[in-house]
Amino acid sequence: MNIVTNPSAQQDGPYYPINEEAARRAKDANSFSDYVPGSATAEYRQMVDKAAELAERQKRRVDTEYHIKIDH
């Protein structure tokens, strides 16, 4: 079951929804520090943005026939 805590959140870009409630429970089970609401989504989006940046940088270095492979 995939619960999204903020279903009205705008989905710009290549992001999948993050289950913040599951992230909070996982943090509570594995750590003594408090969970910061939205931190799982923020961390995920930061990683996706970095991967997209690396892909774009690589695309500038290679022939266009390889762009589809880089995107996947």
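## A walk along the salt bridges

Of the 72 residues in this protein, 14% count as buried, where buried means under 20% relative accessible area, exposed means over 50% and partly exposed lies in between (1.4 Å probe, protein chains only). You're looking at a predicted model, so local features need pLDDT of at least 70 and side-chain atom pairs count only at pLDDT 80 or more, while totals for chains, interfaces and linings use all residues. Residues are numbered from 1 along each chain as its sequence is written, and side-chain values use heavy atoms, with hydrogens and water left out.

**Start with the whole chain.** Switch to cartoon: there are 3 helices and 0 strands, taking helices (H or I, at least four residues) and strands (E, at least two) as DSSP runs numbered from the N terminus. Along the sequence, that reads α-α-α. The accessible surface is about 6,100 Å², and carbon and sulfur atoms own 54% of that; the areas come from the Shrake-Rupley method with a 1.4 Å probe, and for residues only the protein chains shown count as cover. As for contacts (heavy atoms within 4.5 Å), take those between residues at least 6 apart in sequence: 29% of them join residues at least 24 apart.

**Next, select helix 1, residues 20–30**. Show side chains for E21, R24, R25 and D28, which are linked in a network of salt bridges. A salt bridge here is a side-chain nitrogen of Lys or Arg within 4 Å of a carboxyl oxygen of Asp or Glu. Side chains of opposite charge can pair when their charged atoms come close.

Which residue does E21 form a salt bridge with? Its partner is R24, with the closest N and O atoms 2.3 Å apart.

**Then jump to helix 2, residues 39–61**. Pick E56 and K59, whose side chains form a salt bridge at 3.2 Å, N to O. They sit 3 residues apart, about one helical turn. Is each end buried or partly exposed? E56 is partly exposed at 40% relative accessibility, whereas K59 is buried at 13%.

**Last stop: the tally.** By the salt-bridge rule, the count comes to 6.
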